[in-house]
Amino acid sequence: MFSASFPISHSSRGAFKINGLAASEIYVDGVKLTDVSELDNIPGERIDKVQVKYLAGSNQSAALSGGAIMITLRRPPEGGFYGAVTANADWHRACDFGNEGLGGMFNYRYKNLSVYDNLYIGSNKYKETAEQTFFSSDERSAYSEISKWRGFDVRNRLSLSQQFKSGAILGGSYHIASSNLKPKSITSGNDTYSLIDKKNNALAQEGTLKFYLPISKRGAAMEITADYFNRRSDETSRYNTNGTELAEIKEKYDLDLWKFNADFTYPYNREFVWQFGASAQFLNSKYNPNRLSENNRFETSDTPSKSTGFTPLVYVSANGQAWRLRYSFGLNWQLNRIEYSDLKAGVKNRNTQWSLNPTVQVMMPFGSRMQHAVMLNYKRTLSDIPYTAISSVISWSDANNYSVGNPELKSQSADMLMAGLSLFRNKLNFTALYLHSHNRIWWQTFRNNDNVYYTMIR
């Protein structure tokens, strides 16, 4: 893989890339964003600085490859505040796309206490038409499809940060997001009319506590972080063929995630710094269906299930500079332990993987004004546990296609080597990337009767 790009790019779909790799994490004043659309409410003039980490380090999950973007906002003067209100409205006639929203951002400071709030309320809709043709040894079937959805969502983040005279910082953040989505798929052809009508209500909440403590005047420091994420959703799906309702299923999804981090920084001297720490993540996910009617046309899942996961990580890294050469060497140990339970049959699938993951990052600036640089990076990655992919829940995209997970999946790992050339202070960048994966996850499509195709992750 080879690319030429600016160091940070932003696609129309909202994805940020660093030297061609998708950014793994984005932080605003030390708070990790779960929804990058929060950035839409922040005026550019309120941003103080942006720091880019070109590759995920040893202190981050081995599943992360792309770097991190650290955004620091300007602090209001003591007793002062600033805010902004934004509004948007888009409409595209060709696909009946509509997107309207109202947002606001507020930042207030009283002595060493900072208050930050980011609110958004919006609605959207979309419509798409397509055609499918199925061939077999003795027949040809053509279908036309209409997919459309309408949604409404509200989200808000409130963050508080208190700085003490000792230099210690105590911060907390609470994020809540509520969404209501109504997708619909209409398929017609071969004298058959099928309708899949869904309603999904979801509520997500996230809380973060962070404590930073300077230990010495030389820069030694400790940072403790605790994260909690909770998501609840209720979905009702109705399946209709030729005006007759064949099935209705109600599904409940529950997800709880806890994560704890302890990170330490110890400068050996001005040009050499040790970093080390540990983290642990716990996950608990439940799925509970309630089938109100049976049918032979649309296969659905009636199996309640539960997934649990435990991911500990320990790391150490050294960062420094020798002459013009800037380097970082790190190593982490990560374990992925997952358990999937079929609560109806009482059957459990367990899987445990662990890996030692080295990370090497080297950069050498050159030129009369040091405005150019060459970079060489290596990282071994271990993907997150594929919780969604292991689920045996059947998800229909239209009347002829559905997907289903595989409880026996294992996380995939990969070795990644990246070389880069930066010219004119990051105004022009060339990146070459080599990736070799292990336990690769792939998709295979099968055909049932009645021109129904299903995709399973292998």
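Is Asn-242 buried, partly exposed or exposed? Asn-242 is partly exposed, with a relative accessible area of 48%. The legends below describe close-up views of a predicted model.

**View A. Asn-242 in the loop between strand 15 and strand 16.** The phi angle of Asn-242 is positive, near 50 degrees, in a residue other than glycine.

**View B. The hairpin of strand 5 and strand 6, with Asp-29.** Two strands, strand 5 (residues 25-28) and strand 6 (residues 31-32), form this hairpin, which has 2 residues between the strands. Their pairing is antiparallel and covers 2 bridges. Val-28 has Val-31 as its bridge partner in strand 6. Asp-29 sits in the loop between the strands and has a positive phi of about 50 degrees, although Asp-29 is not a glycine. At a relative accessible area of 43%, Asp-29 is partly exposed.

**View C. Strand 5 beside strand 8.** Strand 5 also pairs with strand 8 (residues 66-73), here in the parallel sense and over 4 bridges. In strand 8, Ile-71 is the bridge partner of Val-28. Which residues of strand 5 point the same way as Glu-25? Tyr-27 points that way, while Ile-26 and Val-28 point the other way. All of these residues are buried.

**View D. Asp-153 in strand 12.** Strand 12 spans residues 140-163 and contains Asp-153. The relative accessible area of Asp-153 is 16%, so this residue is buried, the limit for that class being under 20%. A polar contact of 2.9 Å joins the side chain of Asp-153 to the side chain of Arg-155. Beyond residues up to four places away in sequence, Asp-153 touches Tyr-120, Ile-121, Gly-122 and Asn-124, as well as Ser-178 and Ser-179.

**View E. Glu-206 in strand 14.** Strand 14 covers residues 192-214 and holds Glu-206. With 9% relative accessibility, Glu-206 counts as buried. Leaving aside neighbours within four places in sequence, the contacts of Glu-206 include Thr-34, Arg-157, Tyr-228 and Phe-229. Ser-173, Tyr-174 and His-175 are also in contact with Glu-206.

**View F. Arg-231 in strand 15.** Arg-231 belongs to strand 15 (residues 221-241) and is partly exposed at a relative accessible area of 33%. How far apart in space are Arg-231 and Ser-173? The C-alpha to C-alpha distance is 17 Å, for a separation of 58 residues in sequence.

**View G. A nonpolar surface patch that includes Trp-274.** The patch has an area of about 980 Å². Its residues are Tyr-266, Tyr-268, Trp-274, Phe-276, Val-314, Val-316, Leu-331, Trp-333, Trp-354 and Leu-356. Elements giving two or more residues to the patch are strand 16 (244-269), strand 17 (272-291), strand 18 (305-322), strand 19 (325-342) and strand 20 (347-366). Trp-274 is placed in strand 17. At 35% relative accessibility, Trp-274 counts as partly exposed.

Notes:
Residues numbered from 1 in each chain as written. Predicted model: local features only at pLDDT ≥ 70, side-chain atom pairs only at ≥ 80, totals over all residues. Heavy atoms only, no water. Buried < 20%, exposed > 50% of the residue type's maximum accessible area, 1.4 Å probe, protein only. Polar contact = N/O pair within 3.5 Å; in protein donor to acceptor, adjacent residues only side chain to side chain. Contact = heavy atoms within 4.5 Å. Patch = residues over 30% accessible without salt bridge, like charges linked within 9 Å, V, L, I, M, F, W, Y side chains within 5 Å. Areas by Shrake-Rupley, 256 points an atom, 1.4 Å probe, with all protein chains shown as cover. Salt bridge = Lys/Arg side-chain N within 4 Å of Asp/Glu carboxyl O. Pairing = 2+ DSSP bridges.
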